[in-house]
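Subject: Structure handover

Hello,

Here is the structure I said I would pass on. Please open it alongside this message and follow the notes below.

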Amino acid sequence: MAAKRKTPVKTRNPDLIRGVGKYSRSKMYHKRGLWAIKAKHGGVFPRHDPKPKAPVAPEKAPKFYPAEDVKKPLLNKRKPKPTKLRASITPGTVLILLAGRFMGKRVVFLKQLTSGLLLVTGPFKINGVPLRRLNQSYVIATSTKVDISGVNVEKFDDKYFAKEVEKKKKGEGEFFEAEKEDKKTLPDEKKEDQKAVDASLIKSIEGVVNLKAYLAARFSLKSGMKPHELVF
Amino acid sequence: MLDSGTGWRTGGRPEVDRWRLYVRGTILGYKRSKSNQYPNTSLIQIEGVTTKEEVAWYAGKRMAYIYKDKVKKNSSHYRCIWGKVTRPHGNSGVIRAKFKSNLPPKSMGDRVRVFMYPSNI
């Protein structure tokens, strides 16, 4: 056998469908450089004399034959993309939350995270909604926009919001102790982050008439309001 | 520019605790012909929706039938059956809905909540 390569070669002839390659025989001849090998050896393929074969042990008939030919599974090279953001949602848009703890609150959209979820903030001082992730489907985008240029959202990603894994203690004695002694207080880091993001936001919000009161108020359907006729 | 939600302009009005983010609907009964009914699909009349074209906004929206029971389940007397709007029924704004489990016959005439999610606005 020829010396093995350190890195495996990518297939030169990718499958269009299983069994059908992209390139024809003549193209592959060219791609593999067989013409160069031939030229190197004066128009003829190099022939190696067969090495003397080692004595082969007599093959036993296999005990088990699969009932049908075993098929190789197809390669899956699909990479999922982040959810497509609705055209009405742009950084700085005011969104109305439709479900969850803060339903009805109006909130400022910051950016879309790699998981596809939307990063959003109240701002906290105005309506009590902290930096939070939301799903697009549970949100209505209004036509109101807030100027978001002063806000730096680079550091926030899905890992920032990951739940901390609690180390499980195994022990009977400890079981009877107050299990949740430590109240889950928000680390100061996160509080600082919230303030930093909100500082410039609140300035631009106060610049617009009524916007602060608007964000502080909640949305609610009232008698006679038909959502299919409302313009948000 | 700013949407008309609760009266946020009038600062003096106290904020009410309840926030309705659903549209009210009435359960009319099951999908049926004169003498056969098919309980896997229910017919719902949504408040304020009177034509087939208006129903298009509600297609796919989730709905919940909420009812009470004497026995507490999950520490609550309230129970819920979730479902969704599937398609319009006829020309006058009635919709067909499918629920996770079929609605019980006692629900006919009862209130159902049609939420505004999954939203497409």
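N210(A) sits in the loop between helix 5 and helix 6 of chain A; helices (H or I, at least four residues) and strands (E, at least two) are DSSP runs, numbered from the N terminus. The phi angle of N210(A) is near 70°, a positive value in a residue other than glycine. Most residues other than glycine have a negative phi, and most peptide bonds are trans.

This is a predicted model, in which local features need pLDDT of at least 70 and side-chain atom pairs count only at pLDDT 80 or more, while totals for chains, interfaces and linings use all residues. Residues are numbered from 1 along each chain as its sequence is written, chains are lettered from A and ligands numbered from 1 in the order in which they are written, and side-chain values use heavy atoms, with hydrogens and water left out.

Cis peptide bonds

In chain A, a cis peptide bond joins G122(A) and P123(A), with omega about 0°. P123(A) belongs to the loop between strand 5 and helix 3 (124-127) of chain A. In chain B, the bond from Y117(B) to P118(B) is cis, with omega near -5°. P118(B) is in the segment after strand 6 (111-115) of chain B.

The sheet in chain A

Five strands of chain A form an open sheet in the order 6-5-4-3-7, with antiparallel pairing; two strands pair if DSSP finds at least two bridges between them. Strand 6 (132-134) and strand 7 of chain A are at the edges and have a single partner strand each, so one side of each is left without a neighbour in the sheet. From one strand to the next the twist averages 45°. For such angles, axes are lines fitted to C-alpha atoms, for helices over the stretch in contact, and the angles run from 0 to 180 degrees between N-to-C directions.

Strand 3 and strand 4 (residues 106-112) of chain A pair in the antiparallel sense over three bridges. The bridge partner of V94(A) in strand 4 of chain A is V108(A). Helix 5 (residues 188-206) of chain A packs on the sheet and touches strand 4 and strand 5 (118-121) of chain A. The direction of helix 5 makes about 75° with that of strand 5 of chain A.

Strand pairs in chain B

Strand 1 (residues 22-32) and strand 6 of chain B run antiparallel and are joined by five bridges. V23(B) stands opposite V114(B) in strand 6. Strand 3 (residues 62-73) of chain B also pairs with strand 6 of chain B in the antiparallel sense, over two bridges, and A64(B) has R113(B) as its bridge partner.

Where the chains meet

How many residues of chain A are in contact with chain B? There are 34, in contact with 27 residues of chain B (contact means heavy atoms within 4.5 Å). The two chains bury about 2,800 Å² between them, 62% of it on carbon and sulfur atoms; buried area is the accessible area (1.4 Å probe) that two parts lose on being put together, summed over both. In chain A, R218(A), L221(A) and H228(A) lose the most area to chain B, together 22% of what that side buries.

Regards
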